[in-house]
Amino acid sequence: MPETDGLHGHGDSVFAIQRPGQIRVFTLLEAQQIFPLVRNITAQAFDELSPVLDSMRANMENHLLLQQQEIHYEEVVQRWINKMERLGVVVSGLWLVDFDTGDGYLCWRHPETVLGYYHGHEQGFGQRRPLLEIIREQHPEWADCTPMI
């Protein structure tokens with residue numbers, strides 16, 4: 001049975017909500033279609049966290065206030081993680097997500113403006129390479145679409 005969004009009957013599985021912990025395998029086109037949403041959700045969480053961090057820095061001596069701000073910090077980050085997981089992406093660090101392609105990851109970190117890097121499953125952020133380089137060298141199956149880069 002094809003995956004659809006059911007609620008609206010659009011039949012578009014790109015934005016299908018995943019169960020927490022359920023990893024989705026993306027083609028390049030699917031990842032590029034959902035990327036603006038990932039980027040916007042991340043930017044909103046980042047912006048929400050900025051004043052919390054400022055307050056934490058300003059109140060290092062006030063342990064009670066600092067504890068309250070730490071709780072708020074954790075809530076913002078956890079909400080962001082939950083949203084990313086529901087979209088089927090892998091959270092690899094704070095403001096760092098990977099889109100699983102089946103043989104590796106399309107890698108993005110806030111505030112980058114494009115989904116432009118790739119690394120293998122056994123590699124991490126430090127080993128990521130430009131996406132276009134990978135496509136030219138390896139011609140991966142998941143990139144068999146017109147790139148929107």
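Exposed means over 50% relative accessible area, buried means under 20%, and partly exposed lies in between, with a 1.4 Å probe and protein chains only. H139 lies in the segment after α3. Its phi is positive, about 45 degrees, although H139 is not a glycine.

Some ground rules. This is a predicted model, where local features need pLDDT of at least 70 and side-chain atom pairs count only at pLDDT 80 or more, while totals for chains, interfaces and linings use all residues. Residues are numbered from 1 along each chain as its sequence is written, and side-chain values use heavy atoms, with hydrogens and water left out.

Now the overall plan. The protein has three helices and five strands. Helices here are DSSP runs of H or I with at least four residues, strands are runs of E with at least two, and numbering goes from the N terminus. What order do the elements take from the N terminus on? They run α-α-β-β-β-β-β-α.

Next, a few totals. Of the 149 residues, 38% count as buried. The protein exposes about 9000 Å², and carbon and sulfur atoms supply 53% of that. Those areas come from the Shrake-Rupley method with a 1.4 Å probe; for residues, only the protein chains shown count as cover. Then contacts, meaning heavy atoms within 4.5 Å. Take those between residues at least 6 apart in sequence: 43% of them join residues at least 24 apart.

On to the helix pair. Two packed helices are described by the angle between their axes and the distance between the axes. Helix α1 covers residues 28-58, and helix α2 covers residues 63-86. Their axes come within 9 Å and cross at roughly 175 degrees. The axes are lines fitted to C-alpha atoms, for helices over the stretch in contact, and angles run from 0 to 180 degrees between N-to-C directions. So are α1 and α2 roughly parallel or roughly antiparallel? They are roughly antiparallel to each other. The cut-offs: under 35 degrees is roughly parallel, over 145 roughly antiparallel, 65 to 115 roughly perpendicular, and the rest oblique.

Who meets whom? On the α1 side, the residues include V38, I41, T42, A45 and L49. On the α2 side, they include L66, Y73, V76, W80 and M84. The residues of this contact divide into 13 nonpolar, four polar and four charged. Nonpolar covers Ala, Val, Leu, Ile, Met, Phe, Trp, Tyr, Cys and Pro; charged covers Asp, Glu, Lys and Arg; the others, Gly among them, are polar.

Now the inside. The largest nonpolar core has 31 residues. Such a core is a set of buried Ala, Val, Leu, Ile, Met, Phe, Trp, Tyr and Cys residues joined through side-chain atoms within 4.5 Å. V38, W80, M84, V97, F99, L106 and W142 have the most contacts inside the largest core. α1, α2, β2 (96-100), β3 (104-109) and α3 (131-138) each supply at least two of its residues. Which element gives the most? It is α1, with ten residues.

Look at L106. Leaving aside neighbours within four places in sequence, L106 is in contact with residues including L28, A31, V97, F99, L131 and W142.

C107 lies in strand β3. C107 is buried, because its relative accessible area is 1%. Beyond four places in sequence, C107 touches L96, V97, Y117, F125 and R128, among others.

Last stop: H110, F46 and W95. H110 is in the loop between β3 and β4 (117-120). H110 counts as buried because its relative accessibility is 17%. Not counting residues up to four places away, H110 touches T42, A43, F46 and W95. A cis peptide bond joins H110 to P111, with omega about 15 degrees. P111 is in the loop between β3 and β4 too.

F46 sits in helix α1. Its relative accessible area is 36%, so F46 is partly exposed. Beyond four places in sequence, F46 touches W95 and H110.

W95 is found in the loop between β1 (90-93) and β2. Is W95 buried or exposed? Buried, because its relative accessible area is 8%. W95 also has a positive phi, near 65 degrees, in a residue other than glycine.
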